[in-house]
Amino acid sequence: MKKSEYNADSISVLEGLEAVRVRPGMYIGSTGRKGLNHLIYEIVDNAVDEHLAGYCTLITVTLEEDGSCTVSDNGRGIPVGMHEKGVPAERLVFTTLHAGGKFNNNAYKTSGGLHGVGSSVVNALSESLEVTVCVDGYKYFDKYERGIPVQELENGLLPKLGRCKETGTTVRFKPDPEIFEKTRFASTELKSRLHETAYLNPKLTIEFADLRDGRDVHITYSEPEGIVGFVRELNEHKEAICDPIFIKGEAEGISVEIAFQYVNEFQENVLGFCNNIYNAEGGTHLTGFKAQYTQVMNAYAREIGILKEKDGNFTGADIRNGMTAVVSIKHPDPRFEGQTKTKLDNPDASKATGKVTADEVQRYFDRNLEVLKNVLGCAERAAKIRHTAEKAKTNMLTKQKYSFDSNGKLANCEKKDPKLCEIFIVEGNSAGGSAKSARDRNYQAILPIRGKILNVEKASMDKVLANAEIKSMINAFGCGFSEGYGNDFDITKLRYDKIIIMADADVDGAHISTLLLTLFYRFMPELIYEGHVYVAMPPLYKVIPAKGEGEYLYDDEALEAYRKKHRGAKFTLQRYKGLGEMDAQQLWETTLDPKTRKLRRVEIEDGKLASSLTEILMGTDVGPRRSFIYEHARDAQLDV
Ligand code: TTJ
């Protein structure tokens, strides 16, 4: 910035961006993997806004070889003309907190949770950020370092790089390693998110490229079927009972689109979006849809005689059993609440989805009686299973409450205060045995489980409850379980602050972790939402130099780095095949001791991501499974 430009305004601008650098977490949630990817979403959302305004059809996102990310669109271009404050308007976009809205005359703000915090936040947290705008026949250029403009202006305006016919905006930024623990973007999550954006915007094409590490990956996301295609993808590996059903309408000035389909499974998956942003905690749009849908379907069930006079109504969960749905609304002024500010709170959203559901679902089923009968057949089966499960549950809770403690599998800890206690779920009796002798029995409990637990994704409730491993976990945690939305789960009764899955760092270990996570996600989701579930990351290697201390290494990259750093030095390399191979001391140091172990907290921020990851991990194909473990392993944090 030139000296003459140091007026009061620009000083307060710098203070604003400095505040972002001092407390980055407040603006992007965290400085870990999630926060890092958030930078990209923040920039992409600006381009999506331009699409929503009706001016942009193509967005490209490139992970560059040098670790930077380029996002470009073919919209109108950020305005570059002189703003009343004496600088090009583009500079205000990138240096003023919450500037987004001012330059954005869209009807719909993408401000949900952490979204819409503005490109200035990305700028402040980037080592460098370059902007190229094509507008009015010229290509304009600007550049910042850690939020501070470094490009000399020409007569107060941006320099021109040359002429160009088209219009559009390109932003290239490199996250600042002074801010972020790791600066490598997580591509699996990014791709999933871009694909989701394509589904929610059927007229938008998104091109993704990954050029890192000599790669040359190119993927085009274009989903003209919109949320119908989204539902199809969510159900891709499942047995569908009907085609996806699509309804839409408008009420209360809110536009509503809903797509749903039934599959042959005992669970529901209903996702809510407001202004293209996923609402992990749901909210009023979902409650409106669910309540009206239950009403309409119970009325049909009585009308066609599936429910007799003496029968009680189906529950909402009965009627949604096997349902996959995407509810997407556009709201002019969304408000959010909840733990992570991702729960839609506007009462009119519930009215709007309720009204559209009541009108349009009825219109659809009046004309499609065969589909209606199939769908109500699902509800009927669900209700039968519910009745059996209710009996099974009473039996289990009365007869077998203490059976498992008495058969001696759980090695409980001595302390009783849940805040201090942790429980390790360990696969295999031998690893379980070593863990029992290695642990600090004061506050660490060990629960060995045998072999592979049941895959609960496909099993019915009574089968799940009959499984000994699952029963022992439910008993140990102490808070019961929930099925569908009939909720008997009470997180305040949880006996351990941390539930730590301890499995080998190989494909079998990954499979076991996934089965456990699927179990938790389906029957005890709050454990995950409230951050109680962790995966232990045992090391792959120990290096012992001729002189000095030994060191644990967690992946091949770390070994490579170690070799580079200690080029020529002699050292012994121990490779661990599994937890069972470590002695008690090693197990304590690597996996149990909070001072030295590595844990990854399990996060499910996105039901879509969760279910597609489940697909990846459950599939027979080992390739993608490896890459999942790999992506996350490198993001693991030391738990201190
Ligand atoms: C504002 O009103 C006049 C016409 O252009 C509108 C605008 O801001 N368009 C716009 C912004 N298109 N694309 C962007 C944009 C694109 C990226 C990749 C990043 C950012 C921060 C903005």
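The lining of the largest cavity in this predicted model divides into 3 nonpolar, 2 polar and 2 charged residues. Here Ala, Val, Leu, Ile, Met, Phe, Trp, Tyr, Cys and Pro count as nonpolar, Asp, Glu, Lys and Arg as charged, and the others, Gly among them, as polar. The model is predicted, and local features need pLDDT of at least 70, side-chain atom pairs count only at pLDDT 80 or more, and totals for chains, interfaces and linings use all residues. Residues are numbered from 1 along each chain as its sequence is written, and side-chain values use heavy atoms, with hydrogens and water left out.

**Cavities**

A cavity is a set of points on a 1 Å grid over the protein atoms alone where a 1.4 Å probe fits but cannot get out, and lining residues have an atom within 4 Å of a point. Grid points are joined across faces, edges and corners, and a volume is the space filled by probe spheres set on the points. There are 3 cavities of 30 Å³ or more, and the largest holds about 40 Å³. Its lining consists of D45, V48, R193, T197, L200, N276 and I277. Helices α3 and α6 (187-200) each give two or more residues to this lining, with the largest share, 3 residues, coming from α6. Helices (H or I, at least four residues) and strands (E, at least two) are DSSP runs, numbered from the N terminus.

**Nonpolar cores**

A nonpolar core is a set of buried Ala, Val, Leu, Ile, Met, Phe, Trp, Tyr and Cys residues joined through side-chain atoms within 4.5 Å; buried means under 20% relative accessible area (1.4 Å probe, protein chains only). The largest core has 46 residues, and I40 and F173 have the most contacts inside it. Helix α3 (residues 33-52) gives the most to this core, with 8 residues. Leaving aside residues up to four places away in sequence, I40 touches V61, L63, C69, F173, F185 and L190, where contact means heavy atoms within 4.5 Å. A second, separate core of 39 residues includes F260, A301, I319 and L376.

**Enclosed elements and strand pairing**

Helix α7 (residues 227-234) is largely enclosed by the rest of the structure, because 7 of its 8 residues are buried. Strand β3 (residues 126-135) is also largely enclosed, because 8 of its 10 residues are buried. Two strands pair if DSSP finds at least two bridges between them.

The hairpin of β3 and β4 has 2 residues between the strands, and D136 takes a positive phi near 55 degrees in it.

Conventions
Buried < 20%, exposed > 50% of the residue type's maximum accessible area, 1.4 Å probe, protein only. 1 Å grid on protein atoms, 1.4 Å probe; cavity = no way out; pocket = protein on both sides within 12 Å on 5 of 7 lines; lining within 4 Å.
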